[in-house]
Amino acid sequence: MQLSLEGISKKVGPQAWLYEMSLAPKPGAVTVLLGATQAGKTSLMRIMAGLDVPTQGRVRVDGVDVVGQPVRERNVAMVYQQFINYPSLKVRDNIASPLKLSGEKNIEQRVTELARKLHIEMFLDRYPAELSGGQQQRVALARALAKAAPLMLLDEPLVNLDYKLREELREELGALFAAGDSTVIYATTEPGEALLLGGYTAVLDAGELLQYGPTAEVFHRPQSLRVARAFSDPPMNLAAGRIVPGGVQLNAGPLLALALPASPLAQPEVTAGLRASALHLQANPGDVALDGQVELAEISGSDTFVHVATAIGEVVAQLTGVHYFELGTPLTLYLDPAQVYVFDAAGALLLAPQYRGLRSAGGLS
Amino acid sequence: MARITLDLAHAYRPNPQQDSDYALLPLKMEFADGGAYALLGPSGCGKTTMLNIMSGLLVPSTGTVLFDGRDVTRATPQERNIAQVFQFPVIYDTMTVAENLAFPLRNRKVPQAQIDKRVGEIAEMLEMSGQLNQRAANLAADAKQKISLGRGLVRPDVSAVLFDEPLTVIDPHLKWQLRRKLKQIHRELKLTLIYVTHDQVEALTFAEQVVVMTRGRAVQVGSADALFERPSHTFVGNFIGSPGMNFLQAKVSDGALLVADLRLPLLRALPDGELKLGVRPEYVRLAQPQDTGALPCLVTKLQDVGTHVMLTATVLGQAVKAKLATDAALPAIGDIAWLQVLGTHTCFYKNEEIVA
Amino acid sequence: MSMTTKPVNQKAWFLILPVLICVAFSAIVPLMTVVNYSVQDIISPERRVFVGTEWFVAVMRDEELHAALLRQLTFSLSVLAVELPLGILLALSMPADGWKASVVLVIVSLSLLIPWNVVGTIWQIFGRSDIGLLGATLQWLGIDYSYTGNAAHAWLTVLVMDVWHWTPLVALLGYAGLRSIPDAYYQAARIDGASKFAVFRYIQLPKMRGVLMIGVLLRFMDSFMIYTEPFVLTGGGPGNATTFLSQFLTQKAVGQFDLGPAAAFSLIYFLIILLLCFILYNWMQRVGTQEKEGGQ
């Protein structure tokens with residue numbers, strides 16, 4: 001089913017919760033809504049589900065305008081962050097409830113099948129309150145899947161779960177989504193989660209839709225500074241600079257030799273963006289050096305995040321491996337100018353590192 | 001600033017018979033004065049119970065808690081002079097930021113001039129000096145958590161600061177800032193800090209020593225490095241690292257190592273019998289066919305995770321994941337790729353405990 | 001079944017029809033009748049004259065009405081002044097959980113379950129100096145207590161009766177509000193070294209604000225419309241010392257058979273209550289949104 005939001009916006013009193021935007025999530029695929037809390041993800045999902053009416057604009061399902069249609073009449077499944085289940089029904093009946101409403105014949109069989117898919121078949125005769133958080137969320141997911149709705153909305157469903165549980169469920173969800181043919185909309189605040197789920201990503205910030213496209217593409221080619229900021233973890237290092245013949249001259253920093261588009265700009269001021277993973281300790285030919293002092297070193301098992309105070313400001317570098325640094329030691333980081341993102345004075349993307357997609361015949365998952 | 005010594009157990013009922021009756025199995029642990037520690041584990045592992053026993057909100061069913069050698073097992077949190085920061089910000093809605101920070105000192109009848117000075121210092125440290133006169137209720141979640149933290153730090157003689165998953169409600173990019181702030185505070189004030197979390201990144205970046213717990217048991221205590229390179233238990237191998245360690249069934253017999261029906265060289269002394277081979281995805285490399293220590297695996301998934309590529313493959317029904325660089329020559333889905341699993345970072349486990 | 005619609009059942013509307021008819025006859029039609037009477041002078045069942053807003057004007061100018069209104073306001077405010085703090089105190093002393101909580105909840109709610117005219121009758125007998133426990137005790141203590149003869153005594157008795165009857169409502173609302181406070185707040189307060197009073201003032205009271213607003217709204221409205229209890233207890237006396245607005249209205253309509261003014265007055269009464277309701281409700285909403293925004 002093709003869902004399309006055309007020019008919708010949402011105002012509540014004097015406040016604009018969603019600025020005018022149009023979005024047509026790819027049918028049958030996963031679309032991740034990525035943004036900070038209060039960015040408008042939940043408001044957008046509510047409009048998609050029919051729980052809210054947009055102040056302006058049309059919502060169409062397969063070309064038919066459904067704005068006035070209440071959510072009860074639309075075929076939508078929704079999963080929330082708070083493990084919502086019917087507390088007085090057993091797990092079995094919870095999963096069966098949408099099947100009963102739709103008059104399905106083999107309810108028992110479907111329930112067992114779904115429970116097995118989500119690894120909760122041993123809990124079928126228990127009440128949700130007796131299960132752990134992760135198990136309760138699996139029940140909610142099974143119920144949503146039982147509905148087999150063409151549109152499935154998940155509002156940060158894993159945020160209240162443990163880190164490891166989140167990893168596990170995320171993988172299982174990825175497999176479940178790929179196996180089904182519903183259009184899935186998944187809201188999250190973590191860029192890492194968007195990347196792991198793949199599919200498409202819509203980046204939201206303060207009620208505005210900034211960019212929509214295949215996830216890897218949005219990540220590697222953010223159209224604006226705001227998208228780059230929203231879609232990076234750790235935060236992208238930003239430095240002010242000017243366009244000069246030959247590249248970008250960073251204020252108080254080195255010259256980055258870059259081939260910029262020839263058209264002259266109104267203002268030569270630009271912002272250079274560099275991801276933490278683009279900085280390294282080893283100098284490769286053509287690299288630019290950045291001297292500084294170590295302010296903080298954070299070790300996270302496989303990587304070390306070093307906060308270095310340099311002439312261009314404070315910079316975070318993600319180094320592979322475990323490195324111990326004494327605070328205050330001088331450190332030189334190297335960066336390849338080809339890895340730099342350049343944004344113009346208004347924040348629009350001027351230049352991004354080359355991205356050719358995963359170089360394999362099979363392509364991405 | 002205090003040294004905390006624990007020698008206790010906590011059971012759900014008076015006569016515990018088996019392990020499942022215990023919330024915390026008998027343990028002995030010491031937290032050095034001024035150290036930063038993390039209690040890391042999944043929900044239900046007992047980390048919050050341990051924290052509450054240390055703070056005085058819970059009395060252990062058996063055993064003692066010592067602060068600098070003084071028995072405080074039955075003492076209240078006030079008497080122990082600890083500070084605790086909870087999962088969601090706990091602030092007094094009707095007060096301003098300054099009044100919130102001043103509250104613990106006012107309750108102790110400290111003179112107003114001293115209170116103002118101390119509040120000013122702490123606000124400066126937390127970068128909240130400009131918001132002192134704002135109503136605390138209207139601030140964002142991370143500012144409120146800073147206030148919660150500030151209330152704990154404002155007492156000059158606080159013995160330890162205990163954190164119970166404090167960054168749960170904070171946005172990812174603000175988490176970075178708060179973590180940095182915590183480390184700076186630790187460096188400046190040299191307080192004993194104990195941090196409970198289920199997020200390994202938070203635990204490893206924050207703490208000097210991490211206590212990994214599961215089901216009431218402290219499985220391993222060590223630095224981030226040690227936990228990553230040589231996890232002493234398969235649980236630690238799986239829990240630390242995102243994704244966790246790959247585990248493959250292995251068997252040693254007649255001086256040969258059999259993994260997935262392939263004979264691999266025995267590079268170090270291993271006990272006979274059924275073993276588990278553990279290797280982290282960070283150390284799995286693409287190899288040429290028939291290389292020593294490599295296994296032929298069927299590639300099932302390739303994910304572009306921004307900074308690297310995650311390859312998922314199966315070998316005889318067992319999954320193997322590899323973290324590869326984005327510019328590596330990648331196989332396609334459905335290909336057979338040879339993955340190098342034997343190396344200096346590979347660990348071997350027997351009955352879930354490390355043997356080599 | 002189509003992919004985008006769920007099966008819809010219209011049969012439910014037929015099941016509601018009987019109820020709709022009943023409500024129409026018992027509420028809407030009588031209301032229209034009242035409006036009808038309020039704009040007519042009914043000299044006799046056959047002779048009716050349309051007088052427009054004359055009754056409304058006369059009612060607004062009526063001195064007796066002003067007095068009754070004043071009495072009513074004093075009563076409602078006194079009731080709130082006593083029941084609110086008392087209810088909060090009661091809520092604070094009730095146990096939080098366990099079997100004791102259930103027992104206490106039941107005991108506390110008992111007075112809410114008694115039919116209102118029975119409440120009046122209970123206190124009527126209770127206050128009698130010959131057979132009532134209260135009356136006899138006060139008599140024995142030397143106080144010349146008579147709720148039929150002494151206006152002040154009558155007022156006090158009506159007030160105490162209302163407090164006895166309705167404080168549990170405020171207590172229950174406050175109790176619900178208290179239960180919703182997460183434990184972490186109390187723990188943090190303990191760690192901060194706060195006294196019990198500080199905990200009350202800075203944690204419990206602010207967090208109970210929402211439910212207490214509801215309590216204020218309910219109690220004010222109910223006491224403004226009070227009829228049965230004071231009527232059964234004192235009959236409005238002595239004189240008109242305890243004649244509150246609704247009784248005043250009834251006297252006018254039924255006693256004096258002045259249907260026109262009575263109808264006009266009842267409409268005005270209805271509008272006054274609606275207005276007060278609206279004001280209080282909006283105030284509650286504003287406080288509610290402030291809390292929600294602040295609480296994030």
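Predicted model: local features only at pLDDT ≥ 70, side-chain atom pairs only at ≥ 80, totals over all residues.
I started at Val211(B), which touches Tyr37(B), Ala38(B), Leu39(B), Leu40(B), Ala218(B) and Val221(B), leaving aside residues up to four places away in sequence. Touching, or contact, means that the C-beta atoms of two residues, placed from the backbone, lie within 7 Å.

Residues are numbered from 1 along each chain as its sequence is written, with chains lettered from A and ligands numbered from 1 in the order in which they are written.

Next I looked up where Val211(B) sits: it lies in strand E9 (residues 209–214) of chain B. Strands here are DSSP runs of E, at least two residues, and helices are runs of H or I, at least four, numbered from the N terminus. Val211(B) counts as buried because it has 23 C-beta neighbours inside 10 Å; the cut-off is 20 or more, with 12 or fewer for exposed and partly exposed in between, C-beta atoms being placed from the backbone. I also checked Leu40(B), 171 residues from Val211(B) in sequence but 6.0 Å away in space, C-alpha to C-alpha.

Then I turned to helix H4 (residues 133–147) of chain A, and found 13 of its 15 residues buried. Ala148(A) follows H4(A) and has a positive phi, near 50 degrees.

Last, I looked at the contact between the chains, which takes 36 residues from chain A and 36 residues from chain B. On the chain A side, H5(A) gives the largest share, four residues.
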